Every structure is written in C-alpha cells, then in structure tokens.
Amino acid sequence: MRKWKKTQVEKMISLLGQAHKEIKRALEKKESDIVLELTEQCQEAAIETGGIIEAEEGGNAAAVHLLEEYCEQLYQLYEMIRQYRLANWGGACKALQKKLTQIKNSVRNDIPVRTEAVFLPYKASMWDSLESVWKSACEDADCDAYVVPIPYYDRNPDGSFGKLHYEGDLYPEDVPVVPYDAYDFEGRHPDMIFIHNPYDDGNYVTSVHPFFYSKNLKQYTDDLIYIPYFVLREIDPSDHAAVSGMKHFCTAAGVWNADHVIVQSEAMRQIYVDVLTRYTGEEQRSCWQKKILGLGSPKVDRVNRLTERDFQLPEEWKRRIQREDGSKKKIIFYNTSVSALLQHGEAMLAKIERSLRIFEKNRENVTLLWRPHPLSEVTLASMRPQMKERYDRMIREYRAAGWGIYDDTPDLERAIAVSDAYYGDHSSVVWLYQQTGKPIMIQTVNV
C-alpha cells in the first residue's frame, strides 16, 4: 500500500477511536439518539476504510476481515441501543475497542508500505542530473519509480510561449518512459517528485508547461525534491564576491518550493544555506539546514562511471577521428556557452569563427567535437535575434565542411568520455570535466 493511503487509513482508525469515547460519554448520559448517530457514522467510516484496504491489498487482507467483524459489532450495539437493552453496553464498548485495536495492529504490521517516486526531466540532455537517483529507486524492492518527461516551450522575444517541445522519445532504451498526460498526479499522489528545472515562469528562454511549475507540483506530493541540472565551480563559502555571483541559483522558485534540495557538495550546501538565511532571517537557518542536502550530483556519478568503451560511436564520428593509417587523432571537446554569447555578443561569434579556423588548419592532428549549449539557438532567437542569422550560418558551414564533429545530441557524457581534452567557455561543464582529470583550457574572447 502506498504510504499516503496507509496514513489515510491510520487517521480514519484514529478518528474511530475518538468516536468510541464520544459513544461512551453519550451512553453514560443515556443520550441514545447521539449513540445511534455515532454508530452509523462509525459504520460508514469502517466501510470506507475497508474499501481502501481492499482496493490496495485485496479482499483477503486480515484488516478487511477484522473491519467486517467490527461492522457486525457496531450493528449489534446499534440494535441494543435502539431496543433500549442497555444493561451490557459497557461490555459491548470494550469489545468494540478491542476489535479496533486489532484492526490498528493489523494495518501497522500486516500491510507493507510501497513508495512511489516520479522523475520529471524536461530536456533529455539533462537526464543525467536525475539518472543515478532513478536507478537507486529502481533497485529498491519497495519502490515504484516512473520517468515522466514533461513538455516545454521556447519563449518568444516578448516573453510569450512559442514552440512546444516534448523529448520523450530521446531517452536511453533502458529508461521506460510514461507519457506526461497518462500519469494521474492527483489520483496517484506520488510520495516523491524529483525535478531538475527550478525556474517556473522565471526563465526568459524556455518554460516547462505551467502545470509542472514547482509551485503547482507541491500539492501533488509529500516530498518535492529539486536536484540542479548543472554543476558549478566549487567556491569557498567565505568568498563573498563569488557567493554573490551565484545568488540567483540559490533563490530560484524551485529552491523555495521544494521540500528538499540536493546540491553537489557540503561546501555548496553551506552557500545555499547562507544565502537563503540572509533572505529569511537567522531564525530560519535551521530550516534551510534540514532542507538543503549536500549529497553530491548525479551528473558526477555518471561521468565517473563512464568510459569511451561504454559508447557506440556513429560511423560519421569514426571517419573523422581516424587517420587513413588507422591511428586515432586527439579529440578536443569544444564547448560554447549561452552566457558567453549573451555577455560578449558579436565578439563571441567572431571568437568562435577564429577558433574554428585554427582547428581546421590542424585537422590532421586533432578532431574538433563542437558541442554548443543546447539552448544556444533558442536563446539567441529570444534575446539576441540580430545575432541568430550569423550563428546559424556558422553552424551550417561547419557541418557542411565535414572536417569536425557537431554534437547536438542529448548525451553530454559521451562527449566528455570520448574526448582527450576540453577547450571552451567557463561553464558548468568545466567543473564536471575536471572530474575526469583530463586537460582543460578556457577560451578568452579577445585572445
């Protein structure tokens, strides 16, 4: 039985116990009408409770049979009072309470609890931020885990919703996907909901469907858990300038609305707690300390686990990686970020063009694996439309030339695993790439 339904059953049994006390008081005062009304109400509650247990555990559950016996005792008490046979009402009440105690013990000891966990990724490329937690849930014999990819919209320049996207067909084959319109959140009331998008309506580039905003999901679960889809450079919690630069991560809507937030390290946990305490007052620090958990990032779990042998490379990639004599070129993971495009504008486009020319000249020794941030195109369309044509032309020409790899797939970890070194912007990918121990060089826009 699901935990929330077992809790519901236990609450109803507790209410029956309170009703018994009222029945006893009414009998002592010889208020027969009140006793008859209360026994009817107990009968209705017992039938409803039995129906919940039978639906979850089947009609042979011990608690169902005990509730049937309890209803029969209630009927006998009702008839005793209705016919003014009050001589042995004390014994009848004791027998009723004894039966209720048996029901309570049976529910507690005979009905196992099953947990239901729902994972709500929106971009398939960000699935790695939830994957290891999902796998742990699947390995728990008492847990039912569901992956429900959710739809999201591009934002138009005026902030309105644009094109709707759904990436449910882009997940790994070992991930069983449930369509978002086939899962009944209200009826199932999952014990835990995991999200990796914290922005609700605060993202200027994309927006998940409003039903899946954290402020709405809270009502459908007892534990809304937010795990960031990104990893950040580790900073010292006492470095106030660096901490100030990441306040927007700590104060996103999903952080406020979640019951628990899982971050990449204990140091990052301390930063979240400190930032949030400044907003709410020192008296709330203990609440944030319970809510923010520095348990690590599933993204790091995945990167540390994977090697090049875990991937079947496309034939197109193999042709560009291997020389004619069969030897393998070095692979450079070239990462360009959204923030750099927004910050430096046309200068950043010029930097990318210069970098591509340099790698093209050295294509006999290295293969460039260019992987722009997956939201680069929609971000430019929404926030820098004047740059979009030049950016698109650059990508078309690079892909048509055929000397490098353009990776717009959801699988970031493959690019990290197969590459020999990193070159590109200072984004969250850098900290993740550091976990591999491979060389890293950060590009500077004016160099």
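In the predicted model, Lys-99 is located in helix 4, which spans residues 89-110. The relative accessibility of Lys-99 is 13%, and this residue therefore counts as buried, the limit being under 20%. When neighbours within four places in sequence are left aside, the contacts of Lys-99 are with Leu-66, Glu-69, Tyr-70 and Gln-73.

Beyond its neighbours within four places in sequence, Lys-135 is in contact with Asp-174 and Arg-305. The C-alpha atoms of Lys-135 and Val-175 are separated by 9.4 Å in space, while the two residues stand 40 residues apart in sequence.

The packing of helix 2 against helix 3 was examined next. Two packed helices are described by the angle between their axes and by the distance between those axes. For helix 2 (residues 32-57) and helix 3 (residues 62-82), the angle is about 165 degrees and the axes are 9 Å apart. Helix 2 is therefore roughly antiparallel to helix 3, a term applied to angles over 145 degrees. The crossing of these two helices is left-handed. The residues that form the contact of helix 2 with helix 3 comprise 16 nonpolar, five polar and three charged residues.

The largest nonpolar core of the model contains 43 residues. Within this core, the residues with the most contacts are Leu-120, Phe-185, Ile-193, Met-246, Ile-271 and Tyr-272. Two or more core residues are contributed by each of strand 1 (115-120), strand 5 (192-195), strand 7 (223-226), helix 8 (240-244), helix 9 (247-250) and helix 11 (266-280). Helix 11 supplies the largest share, namely six residues.

Apart from its neighbours within four places in sequence, Tyr-272 is in contact with Pro-228, Met-246, Phe-249, Cys-250, Val-255, Val-263 and Ile-292. Among these partners, Met-246 is listed with Tyr-272 as one of the residues with the most contacts inside the 43-residue core. Another core, of 35 residues, lies apart from the largest one. Its members include Met-12, Leu-36, Ala-61 and Ile-103.

How values were computed: Residues are numbered from 1 along each chain as its sequence is written. This is a predicted model: local features need pLDDT of at least 70, side-chain atom pairs count only at pLDDT 80 or more; totals for chains, interfaces and linings use all residues. Side-chain values use heavy atoms; hydrogens and water are left out. A nonpolar core is a set of buried Ala, Val, Leu, Ile, Met, Phe, Trp, Tyr and Cys residues joined through side-chain atoms within 4.5 Å. Buried means under 20% relative accessible area, exposed over 50%, partly exposed in between (1.4 Å probe, protein chains only). Helices (H or I, at least four residues) and strands (E, at least two) are DSSP runs, numbered from the N terminus. Contact means heavy atoms within 4.5 Å. Axes are lines fitted to C-alpha atoms, for helices over the stretch in contact, and angles run from 0 to 180 degrees between N-to-C directions. Angles under 35 degrees count as roughly parallel, over 145 as roughly antiparallel, 65 to 115 as roughly perpendicular and the rest as oblique. A crossing is left-handed if the near helix is turned anticlockwise from the far one by less than a right angle, and right-handed if clockwise. Ala, Val, Leu, Ile, Met, Phe, Trp, Tyr, Cys and Pro count as nonpolar, Asp, Glu, Lys and Arg as charged, and the others, Gly among them, as polar.
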